[in-house]
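Biologist: Hi! Could you walk me through this structure? I'm new to it.
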Amino acid sequence: MDINTETRRSVAFIGSECYPFVKTGGLGDVMYALPKALADLNCDVKVILPRYHCIPWKYQEKMVYRGSFNMDLCADGTSYYVGIMEYVWDGVVYDFIDNDDFFTNGNPYTNLVDDIPKYCYFSKAALAALNYMNWIPDVIHCHDWQASLVPVLLRTQFADTPIKDAKTIMTIHNLRFQGVYNIPTIRYWTNLPEDVFNIDVFKTGYEDANILKAGLAYADIITTVSDTYAGEIQTPFYGEHLDAHMRHHAGKLRGIVNGIDVVQWDPKTDPKLAANYDISEVLPQKKLNKKALQEELGLEVDDGKFIIGLISRLTDQKGLDLVDAVLPGLIDGNTQIVVLGTGDAKYEDAFRYYENEYKGTVCSCIMYDEGRAHRIYAGADALLVPSLFEPCGLTQLIAMRYGTVPIVRETGGLYDTVEPFNQFTLQGNGFTFDRYEADLLYDAINRAKTVFFTDRWHWDEMVQRDMAKDVSWEASARQYRELYMELKPQ
Ligand code: ADP
């Protein structure tokens with residue numbers, strides 16, 4: 001059926017970050033790309049975000065004041081100002097919740113002491129703002145723990161207000177982050193009754209409250225960002241102490257894999273690249289990007305070298321202890337390694353050390369740099385994603401779009417999106433390994449190198465297969481739309 005003749009659905013996205021206003025990781029990409037894809041599928045979408053001070057001025061100055069009111073928040077009756085600043089762009093309406101007490105510090109996160117009140121306020125203000133604007137969506141789509149109070153507040157403090165008719169979806173982008181703090185603090189900031197602080201909703205351990213857990217209990221549907229991760233989080237290894245809770249709610253849990261915005265990430269038009277290309281020109285043009293990257297980073301300029309890229313938050317989740325273990329063994333005179341990321345000091349220091357030790361061969365960019373990320377995706381031959389766990393992962397999708405072969409661990413969305421190269425059928429999109437062991441990562445990289453150096457014809461075919469793979473949001477956005485229809489059929 002033509003999507004334009006189907007019933008229109010309205011959705012409010014509530015989350016803590018959204019490209020290009022503020023982004024620290026994949027959540028920011030999803031909050032930008034999915035609403036746009038849904039708008040193309042005949043959905044009315046509003047995205048509700050905090051108005052952080054760190055949002056660049058070029059966006060702040062375009063925001064339009066939409067109204068303001070005072071809202072009760074804490075148990076002692078303290079009330080707070082809620083301003084609504086609106087920005088309409090590309091078919092999507094962005095409403096920023098404005099309050100200087102909560103959103104002045106951080107990039108956007110600081111520490112739980114500040115973040116717990118900040119997101120208690122934000123979740124309640126988002127619902128109150130929808131009522132204030134008299135915009136009652138069919139579905140409220142909440143993302144990660146920062147928006148996880150929304151389903152709980154909707155069925156308690158907002159149960160007699162117009163917004164009560166909305167259904168809720170809670171999407172888990174990363175189960176590791178849950179918003180756990182002591183019960184008295186969360187009770188104070190939410191002013192919720194004692195009876196929700198039980199073991200099925202908020203309570204975790206002896207004395208803590210877990211905001212994500214409560215939101216999952218109250219949401220009408222839970223989704224996470226790949227099918228495999230939806231299964232994994234029901235096991236103790238990946239369940240981050242919520243595996244029993246996930247199993248209990250498995251009946252309303254689905255996995256929908258992320259896509260990427262193929263306009264933002266398009267090697268044919270990307271202004272940040274040295275040379276643009278589509279699938280027909282990828283082989284010669286990628287060489288130009290490789291040369292430009294080697295020059296930019298002070299690496300030996302030689303298109304015969306195998307460049308391995310790594311673009312990542314430098315944290316334990318990303319499998320960097322494995323990379324640390326294998327890196328010296330990869331230095332063979334024919335391989336170059338480019339790292340872009342920030343995070344834990346132990347990894348930042350390790351990569352700085354390797355750059356110093358292997359000058360001209362290893363380059364560690366300990367920074368967050370959007371432009372450089374684009375140039376690495378275009379100039380590298382392979383991209384490493386050896387994660388301990390990976391709910392979906394976007395870097396392997398972007399890499400494929402740019403004709404860069406992913407080398408990944410078979411977990412979560414990496415397992416669902418990268419088909420391993422099969423040397424007999426000559427099919428597949430990348431190289432994979434299963435158990436979390438350095439030797440297996442080393443082996444996967446060496447398999448990739450073997451094909452690159454001894455069978456370039458089939459390597460180049462894989463590069464083209466990767467570029468041809470559909471990594472857009474379209475199929476996934478349709479699945480979300482079907483979920484909205486399922487929740488609100490009429
Ligand atoms: P996560 O959300 O766990 O950090 P994802 O793979 O889902 O990981 O998304 C990471 C996103 O952040 C990608 O768009 C990637 O290009 C980007 N990114 C990560 N680190 C950097 C960095 N140092 N500089 C620029 N972009 C980065």
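**Around the ligand**

Biologist: Which of the 20 residues around the ligand come nearest?
Modeller: Gly 26, Arg 313, Lys 318, Met 367 and Tyr 377 come nearest. A residue is near a molecule if one of its heavy atoms lies within 4 Å of it. Please keep in mind that this is a predicted model, where local features need pLDDT of at least 70, side-chain atom pairs count only at pLDDT 80 or more, and totals for chains, interfaces and linings use all residues. Residues are numbered from 1 along each chain as its sequence is written, and side-chain values use heavy atoms, with hydrogens and water left out.

Biologist: What does the side chain of Arg 313 do there?
Modeller: One of its N or O atoms is 2.8 Å from an oxygen atom of the ligand. That is a polar contact, a pair of N or O atoms within 3.5 Å. Asp 369 has a backbone N or O atom 3.1 Å from a nitrogen atom of the ligand.

Biologist: How much of the ligand does the protein bury?
Modeller: The protein buries 93% of the 570 Å² that the ligand exposes when taken alone. Those areas come from the Shrake-Rupley method with a 1.4 Å probe.

Biologist: Which helix gives the most to the shell around the ligand?
Modeller: That's α12, with three residues. Helices here are DSSP runs (H or I, at least four residues), and strands are runs of E with at least two, numbered from the N terminus. α1, α12 (370–379) and α13 (395–401) each supply at least two residues of the shell.

Biologist: New topic! At what angle do α1 and α17 cross?
Modeller: The axes of α1 (residues 26–39) and α17 (residues 474–487) cross at roughly 70° and come within 9 Å. That makes α1 roughly perpendicular to α17, a label for angles of 65 to 115 degrees. Axes are lines fitted to C-alpha atoms, for helices over the stretch in contact, and angles run from 0 to 180 degrees between N-to-C directions.

Biologist: Which residues meet there?
Modeller: From α1, Leu 34, Ala 37 and Leu 38 meet Ala 477, Tyr 480, Arg 481 and Tyr 484 of α17. Contact means heavy atoms within 4.5 Å.

Biologist: And what kind of peptide bond runs from Tyr 19 to Pro 20?
Modeller: A cis one, with omega near 0°. Pro 20 is in the loop between β1 (9–14) and α1. Asn 107 and Pro 108 are also joined by a cis peptide bond, with omega about 5°.

Conventions: Parallel < 35°, antiparallel > 145°, perpendicular 65-115°, else oblique. Polar contact = N/O pair within 3.5 Å; in protein donor to acceptor, adjacent residues only side chain to side chain.
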